[in-house]
Amino acid sequence: MKKQTININGKAYPCYPTAGAMLRFRKETGRELSQLDAESFTDICTWLWCCILGACTREGVEFPFAGSLMDFADNIDVDDLNEWTRAIAGDADETANVKKEGESLKILELLGVFVGCIGMSYAEFCILDFDEVDAIYGAWRQSRDDAEHSDWERTRTLAAICIQPHVKRKLTPRQLLPLPWDANGKGKNKARHEKAELNADERKRRFEKLAGSV
């Protein structure tokens, strides 16, 4: 994520997208950033104001036009606005990187995940830039996927242990309960599972030990 600055009345202010800027844009326009009209001066000016305010909040810089978009618009130079627009061209598309089941998450959905599930505060979420949003969300989703895989691996392993004494042929957990990630040949959970596979006698002894402890 490029960290840009913009001059207003002879003073440079930090100006780059943050999660808070996306929330402000939605509050001001009622639309997602992905719906920004690149041909609309109003949309561009609003997004610029949101980015400056978000970046200043993140860096602890006082921004004199924080309370009024109109006052900001009266003081911004059109050439500076155009230069900034060219400099961050494509940043709006970066919001599409955070996806769930193939669809981009909306900013309020992201807010719900980061605050309600990950445990960040509203203020912490708002000062994240796009790269940080992507990194944190990606790590959280990977952690959730790993936990789900581990649960299913334990379930089918225990099921195989329970059933093996009652069948003649060797039965592996994967034969008993195929799972989607078995076919791709990848994944930490699969590797851990392969190392932990037991033969029939070991499974029987494990089952008898478990049964005796109940």
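Helix α5 (residues 107-118) and helix α7 (residues 130-163) have axes that come within 12 Å and cross at roughly 55°. The axes are lines fitted to C-alpha atoms over the stretch in contact, with angles from 0 to 180 degrees between N-to-C directions. α5 is therefore oblique to α7, oblique being what remains once angles under 35 degrees (roughly parallel), over 145 (roughly antiparallel) and 65 to 115 (roughly perpendicular) are set aside. The crossing is left-handed, meaning that the near helix is turned anticlockwise from the far one by less than a right angle.

Here are the residues that meet, with contact meaning heavy atoms within 4.5 Å:

| Helix | Residues that meet the other helix |
|---|---|
| α5 | Leu110, Val113, Phe114, Cys117, Ile118 |
| α7 | Val133, Ile136, Tyr137, Trp140 |

A word on the model: it is predicted, so local features need pLDDT of at least 70 and side-chain atom pairs pLDDT 80 or more, while totals for chains, interfaces and linings use all residues. Residues are numbered from 1 along each chain as its sequence is written, and side-chain values use heavy atoms, leaving out hydrogens and water.

Stepping back, the chain has 10 helices and four strands, taken from DSSP runs (H or I, at least four residues, for helices; E, at least two, for strands). Of its 214 residues, 35% count as buried, that is, under 20% relative accessible area with a 1.4 Å probe.

Cys50 is buried too, at 0%. There are zero disulfides (cysteine sulfur pairs within 2.5 Å); the sulfur of Cys50 lies 6.9 Å from its closest cysteine sulfur, in Cys51, too far for a bond.

Terms used:
Buried < 20%, exposed > 50% of the residue type's maximum accessible area, 1.4 Å probe, protein only.
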